[in-house]
Amino acid sequence: MSAPPTPVPLTPGWPHCGHGADPAHDPIGCRGVHTPGSTACLAHLADADRAAHLAGLTSGSDVDLRGTPLTRSLLNQVLDAVRDPATGNPHFGSAYFAEATFRENVRFNGARFTGPAWFHGARFTGQARFREVQFHDAVWFTEAQFSKSVWFSGTRFMKDAWFDGTRFVEDAAFDMAQFTEDAHFDRAEFSGPAGFRETRFSENAWFSEAEFAVNTATACGVTVGGVARWSDCVTNR
Ligand SMILES: [Zn+2]
């Protein structure tokens, strides 16, 4: 009986960097999207080119870092590049972080996203802080994975927020978060404590087939303006 073939990772759906590609073991290499004017992602640009690209960003700029490996240092450079001098907080237009990998603790606290924010399939290997963030448009964390604690405390989701299939491996705090439109948590997995204290869902809250670890979901003081669908949720053991 032969061993099953090693699954071949799908090629990203965008022109990708390919840094470190190796025909035998990793034919795709770095999945980071090309930085405009280059065939390298922001992480693998020459330092001078990276600095020039970041210098071209300003408060409210669109940012495309799909598939890009982001250290804390590199993310902080991006946050500084879009920082609004009036508020001192980062301000993104459209933000494309789909399948990006955040390799250390990251801090988006106080950031404002005035365009849609895509974090679909992103990987957060360190702690992720999204406290008091304002998402003015829709946001997708579908299929993302938070390997350490994540905080969305006090964050405002002003359009639909999608967490379908998102994996929360440790603590997930949505305390005092506000969802102005629909909140989608279908098939989300909460393996650690899930905090929804005083969370406000002004419209519908969808938690179909969401999975919660035993006795760890705290949802006191939640308000739901529309339908709250918790059917088929699984509480382990
Ligand atoms: Zn790269």
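Trainee: What percentage of the residues in the chain is buried?
Mentor: Buried residues are 38% of the 237 residues in the chain. Buried means that 20 or more other C-beta atoms lie within 10 Å of the residue's own; exposed means 12 or fewer, partly exposed is in between, and C-beta atoms are placed from the backbone. Keep in mind that this is a predicted model, where local features need pLDDT of at least 70, side-chain atom pairs count only at pLDDT 80 or more, and totals for chains, interfaces and linings use all residues. Residues are numbered from 1 along each chain as its sequence is written.

Trainee: How many helices and strands are there?
Mentor: The chain has two helices and 29 strands. Both are DSSP runs numbered from the N terminus: helices are H or I with at least four residues, strands are E with at least two.

Trainee: Take helix 2. Which of its residues are buried?
Mentor: In helix 2, residues 72-81, the buried ones are L75, V78 and L79. They fall within an arc of 100° when seen down the helix axis, so they line one face of the helix. The arc is that of the directions from the helix axis to the C-beta atoms.

Trainee: Why would residues a few places apart point the same way?
Mentor: An α-helix has 3.6 residues a turn, so residues three or four places apart point the same way.

Trainee: And what is exposed on the other side of helix 2?
Mentor: S73 and D80 are exposed there.

Trainee: How many residues are in the largest nonpolar core?
Mentor: It has 64 residues, and F97, F119, V139 and V150 have the most contacts inside it. A nonpolar core is a set of buried Ala, Val, Leu, Ile, Met, Phe, Trp, Tyr and Cys residues joined through C-beta atoms within 7 Å. Elements giving two or more residues to this core include strand 4 (95-96), strand 12 (139-140) and strand 24 (205-206). The largest share, three residues, comes from helix 2.

Trainee: What is V139 in contact with, leaving aside neighbours within four places in sequence?
Mentor: V139 is in contact with F113, A117, F157, A161 and W162. Two residues are in contact if their C-beta atoms, placed from the backbone, lie within 7 Å.

Trainee: Different topic. Where is E99?
Mentor: E99 sits in the loop between strand 4 and strand 5. Its phi is near 60°, a positive value in a residue other than glycine. E99 counts as buried because it has 24 C-beta neighbours inside 10 Å.

Trainee: And E132, where is that?
Mentor: E132 is in the loop between strand 10 (128-129) and strand 11 (134-135). The phi of E132 is also positive, near 55°. With 19 C-beta neighbours inside 10 Å, E132 counts as partly exposed.
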